[in-house]
Amino acid sequence: WWHQVEPAPKDPILGVTEAFLADPSPNKVNVGVGAYRDDNGKPVVLECVREAERRIAGNLNMEYLPMGGSVKMVEETLKLAYGENSDLIKNKQIAAVQALSGTGACRLFADFQKRFSPDSQIYIPVPTWANHHNIWRDAHVPQEKFLYYHPASRGLDFVSMMDDIKNAPNGSFFLLHACAHNPTGVDPSEEQWREISHQFKVKGHFAFFDMAYQGFASGDPERDAKSIRIFLEDGHLIGCAQSYAKNMGLYGQRVGCLSVVCEDEKQAVAVKGQLQQLARPMYSNPPVHGALIVSTILGDPDLKNLWLKEVKDMADRIIGMRTALRENLEKLGSPLSWEHITKQIGMFCYSGMTPEQVDRLTKEYHIYMTRNGRISMAGVTTGNVGYLANAIHQVTK
Ligand code: LMR
């Protein structure tokens with residue numbers, strides 16, 4: 001039956017975790033996957049999550065959720081993206097369903113795009129999270145690129161980005177990272193977002209926001225929604241993928257949300273119904289446990305405040321590690337500039353290291369990271385930062 005099946009290539013991100021786990025070295029360091037670790041390098045379950053689980057325990061039945069998932073979870077999740085007092089929410093203009101975290105939300109949207117705008121393409125930033133390419137490829141939506149990152153300045157290539165937005169055919173679909181761009185850690189400023197939004201208006205483009213790291217850019221989820229709010233102020237009908245993997249540490253629970261802003265309630269009902277139709281033959285309905293954790297936390301003011309504090313603590317620990325890594329490299333006398341380590345934001349540092357340098361880090365120092373030079377700062381700790389800095393210095397000098 002399956003003679004024609006070739007082994008699949010390793011995933012560029014999750015494959016790194018597999019290689020890390022297989023390495024017996026006691027010195028090994030995993031700065032590959034974007035998953036938060038505490039200062040001892042251990043996975044973290046937030047206290048708000050522990051408390052929500054205590055409250056849920058015993059009250060839980062294992063019934064199916066509706067095809068669109070938990071209504072309460074979705075309601076709370078929309079407030080995070082669109083604002084507590086959003087008129088769009090009040091007017092029931094947003095079609096929204098629970099999704100299998102950010103990946104599932106993106107995929108559901110890509111399938112929706114293919115079904116209802118079958119000749120459209122998606123403009124994807126260069127670079128982007130590797131899985132974005134797989135998602136729209138498997139949904140059979142052709143991909144175009146727009147420039148985003150400027151390697152020489154290790155910052156945003158705003159001029160090229162705006163040119164690509166202007167040169168795309170009117171009414172194109174664009175994938176934007178709402179905050180804490182993955183893999184570069186480089187976001188447009190507020191002013192630049194306003195210009196982008198304005199240009200989208202001029203061109204009649206559709207903005208689809210992937211918001212996987214809300215809270216990790218500034219430490220405050222509300223501030224991190226600014227890009228989206230700017231687009232909403234300008235009257236755009238956007239789409240948005242939200243995930244609780246990172247900001248609630250619910251990675252394996254696969255809990256997130258896909259929303260599409262519509263012209264009115266009637267359209268929103270239709271769009272939601274079609275999203276559910278897409279979900280039904282794929283996974284029928286989404287899992288219940290993570291959704292209940294989220295709705296328990298966000299539905300209780302005390303737990304929500306605890307969550308906000310814990311998000312900020314995670315973001316602050318990462319910022320501390322950025323400073324430590326840069327200082328260590330400078331102390332070692334590295335002649336290169338490492339300013340970008342502290343300038344970039346969110347979970348990642350786009351180091352500028354070449355794939356060959358990364359290969360040396362892995363072979364000689366048992367340091368695991370993606371070959372595009374991305375360092376997950378969430379895996380850096382007080383205990384390994386010196387070792388990491390020395391290894392980086394050795395392979396880049
Ligand atoms: C990452 O970029 O490391 C994360 O989003 C994890 C993943 O699924 O790739």
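1. Let's start at the ligand. By class, its shell holds three nonpolar residues, three polar ones and no charged residues. The residues around the ligand are Ile13, Val33, Gly34, Trp129, Asn131 and Asn182. Keep Asn182 in mind, as that residue comes back in point 6. One caution before you go on: what you have on screen is a predicted model.

2. Now zoom out to the domains. The protein chain splits into domain 1, made of 14-44 + 316-396, and domain 2, which covers 65-299. Notice that domain 1 is written as two stretches of the chain. The centres of the two domains, taken over C-alpha atoms, are 28 Å apart. Where they touch, 16 residues of domain 1 are in contact with 17 residues of domain 2. On the domain 1 side, strand 11 (residues 348-350) gives the most, with three residues. That side of domain 1 is made up of eight nonpolar, six polar and two charged residues.

3. Which order do the strands follow? Seven strands make an open sheet in the order 2-10-9-8-7-3-4, and the pairing is mixed. At the edges sit strand 2 (94-99) and strand 4 (143-147), each of which pairs on one side only. On average, neighbouring strands here are turned by 25° against each other, direction ignored.

4. Helix 3 (residues 71-82) lies across strand 2, strand 8 (206-211), strand 9 (239-243) and strand 10 (256-261). Compared with strand 2, helix 3 runs at about 115°.

5. Helix 2 (residues 47-56) packs against helix 12 (residues 289-298) at an angle of about 105°, and their axes are 9 Å apart. Helix 2 and helix 12 are therefore roughly perpendicular to each other, since angles of 65 to 115 degrees count that way. Helix 2 brings Cys48, Val49, Ala52, Glu53, Arg55 and Ile56 to the contact, while helix 12 brings Leu292, Ile293, Thr296 and Ile297. Sorted by class, the residues of this contact are seven nonpolar, one polar and two charged.

6. Most residues other than glycine have a negative phi, and most peptide bonds are trans. Where are the exceptions to look at here? Pro127 lies in the loop between strand 3 and helix 6 (130-138). Another cis peptide bond joins Asn182 and Pro183, with omega about 15°. Pro183 is in the loop between strand 7 and helix 8 (190-203), and Asn182 is one of the residues around the ligand.

7. His140 has a positive phi of about 65°, although it is not a glycine. You'll find His140 in the loop between helix 6 and strand 4, and strand 4 is one of the edge strands of the sheet in point 3.

Note on methods: Residues are numbered from 1 along each chain as its sequence is written. This is a predicted model: local features need pLDDT of at least 70, side-chain atom pairs count only at pLDDT 80 or more; totals for chains, interfaces and linings use all residues. Domain bounds come from an automatic or database domain assignment. Two residues are in contact if their C-beta atoms, placed from the backbone, lie within 7 Å. Helices (H or I, at least four residues) and strands (E, at least two) are DSSP runs, numbered from the N terminus. Ala, Val, Leu, Ile, Met, Phe, Trp, Tyr, Cys and Pro count as nonpolar, Asp, Glu, Lys and Arg as charged, and the others, Gly among them, as polar. Two strands pair if DSSP finds at least two bridges between them. Axes are lines fitted to C-alpha atoms, for helices over the stretch in contact, and angles run from 0 to 180 degrees between N-to-C directions. A residue is near a molecule or strand if its C-beta atom, placed from the backbone, lies within 6 Å of it. Angles under 35 degrees count as roughly parallel, over 145 as roughly antiparallel, 65 to 115 as roughly perpendicular and the rest as oblique.
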